[in-house]
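Trainee: I have the sequence and the structure open, and I would like to go through them step by step. Could we begin with what a contact is?

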Amino acid sequence: MLSSRISRPVCLVGLGLIGGSLLRDLVAAGDTAYGYNRSTSGARKAVSEGYDVSDDLPRVLRRAEEDNALIVVAVPMFAVGAVLDQIAEYAPSCGISDVVSVKWEVYAEIRKRGMEARYVGGHPMAGTSESGWNASRKGLFERATWAITYDYADQQQEKGQPIDAGWIELFTDVVRMASATGAEAIPARVVNHDHAVARVSHLPHLMALALSVTGDNGGILAQSLAAGSFKDATRVAGTNPELIQAMCETNSVALSEALEEAIELLAEAHDTLSQDPPSIRELAVAGNRARRRLEARTGARRESVSPVKISSRPVLRFHPGSPGWVNQLRQTESTGGRMEIF
């Protein structure tokens, strides 16, 4: 039988849209979960709604250490290093995960502090343009994909060294945590993750920003005529600019590569539109085919950035630590498959 029960309490550090929604889901699933929010007003609002939340980070982390909790870092990238320093001081033996939208930069901070054997990264591909505790809600991750990293195990195997049993337990709990929210866990090493999300998450933010400015430059009439296609394409431009900066600037290399490819496609469209007769057929056909391939693999769902149908992905059902399990993760990553733990 598929297990979705987490073996330890979960401590959320940061209770904005993602962290707050995760806290709501875990509590609703019957798991023990509590957290820290930097905003005192946000923390008080969460408490008024019945959640176990504090604005005192050292106190929350000391409690996590006593509970041997799984600490989930849910702050913007620019704040990750400071949070990890606090964890090192107040919760030196706890397992760590995160929900930050880039993974290489987080892993670099983890390695800098020698925390690799206590860390399993994560990134739920879900969200809205809103932020803060008030934007959080139950069910945000239902049927969304949740990337989960396994670089420590991959590197240990490459070196011919054993994988720490505590890390295997941590990996298991992170997968179960994702499953408890209704998400689908997908294995992804940090570099592969960042190259993928540069194309399907970070580039769309840049395109939405550029499209918003272009539309706005059309004046009042253009704004008045803006309908569904424009509003859908620019939705994520409503995200807090600081969050967009943190997301895109920390994945600059992979994003620059994806942006260069998109610019080339647009430049080609510009050139063919300037011909006599004008044509964008090549881009229109290629884009339509690409979209149909996406639709064949994923299910349309308004609330999630990268939602999936239950039957849309190959499934790896496995027991972490069993023979060949890391190779199974690599194979599943190569096919974009999901994980289920028994």
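Mentor: Two residues are in contact when heavy atoms of theirs lie within 4.5 Å. Please also keep in mind that this is a predicted model.

Trainee: Then which residues is leucine 84 in contact with, leaving aside its neighbours within four places in sequence?

Mentor: With those neighbours left aside, leucine 84 is in contact with Ile96, Glu109, Ile110, Arg113 and Met115. Leucine 84 itself lies in helix H4.

Trainee: Is leucine 84 buried or exposed?

Mentor: Leucine 84 is buried: its relative accessible area is 1%, and buried means under 20%.

Trainee: And what separates leucine 84 from proline 314?

Mentor: Along the chain they are 230 residues apart, and their C-alpha atoms are separated by 35 Å.

Trainee: What about isoleucine 18 and histidine 123, how many residues apart are they?

Mentor: They are 105 residues apart in sequence, and the C-alpha to C-alpha distance is 9.8 Å. Isoleucine 18 belongs to helix H1, which covers residues 17–28. Its relative accessibility of 18% means that isoleucine 18 counts as buried.

Trainee: Let us turn to H3. Which of its residues are buried?

Mentor: Helix H3 spans residues 57–67, and Leu57, Val60, Leu61 and Ala64 are buried there. These residues lie on the same side of H3, because they cover an arc of only 95° around the axis.

Trainee: Which residue caps the N-terminal end of H3?

Mentor: Aspartate 56 does: one of its side-chain oxygens lies 3.2 Å from the backbone nitrogen of arginine 59.

Trainee: And what follows H3?

Mentor: Asparagine 68 follows H3, in the loop between H3 and S4. Asparagine 68 has a positive phi of about 50° although it is not a glycine. For comparison, most residues other than glycine have a negative phi. With a relative accessible area of 40%, asparagine 68 is partly exposed.

Trainee: What is the phi of arginine 143?

Mentor: Arginine 143 has a positive phi of about 65°, and it is not a glycine either. Arginine 143 is in the loop between strand S6 (122–124) and strand S7 (145–148). At 30% relative accessibility, arginine 143 counts as partly exposed.

Trainee: Now peptide bonds. Is the one from aspartate 276 to proline 277 cis or trans?

Mentor: That bond is cis, with omega near 5°. In general, most peptide bonds are trans. Proline 277 lies in the loop between helix H12 (252–273) and helix H13 (281–297).

Trainee: A change of topic: at what angle do the axes of H8 and H11 cross?

Mentor: Helix H8 (residues 190–216) and helix H11 (residues 241–249) have axes that cross at roughly 130° and come within 10 Å. The two helices are therefore oblique to each other. The crossing of H8 past H11 is left-handed.

Trainee: Which residues meet there?

Mentor: From H8, Ser201, His202, His205, Leu206 and Leu209 meet Ile244, Met247 and Cys248 in H11.

Trainee: Finally, H14. Which residues are buried in that helix?

Mentor: Trp325, Val326, Leu329, Arg330, Thr332 and Glu333 are buried in H14. They fall within an arc of 165° seen down the axis, so they line one face of the helix. Gln331 and Ser334, on the other side of H14, are exposed.

Trainee: What do the buried residues of H14 pack against?

Mentor: Their partners include helix H6 (151–158), helix H7 (165–180), H8 and strand S8 (184–187).

Notes: Residues numbered from 1 in each chain as written. Predicted model: local features only at pLDDT ≥ 70, side-chain atom pairs only at ≥ 80, totals over all residues. Heavy atoms only, no water. Buried < 20%, exposed > 50% of the residue type's maximum accessible area, 1.4 Å probe, protein only. Helix = DSSP H or I, 4+ residues; strand = E, 2+ residues; numbered from the N terminus. Arc of directions from axis to C-beta. Polar contact = N/O pair within 3.5 Å; in protein donor to acceptor, adjacent residues only side chain to side chain. Axes fitted to C-alpha atoms, helices over the stretch in contact; angles between N-to-C directions. Parallel < 35°, antiparallel > 145°, perpendicular 65-115°, else oblique. Left-handed = near helix turned anticlockwise from the far one by under 90°.
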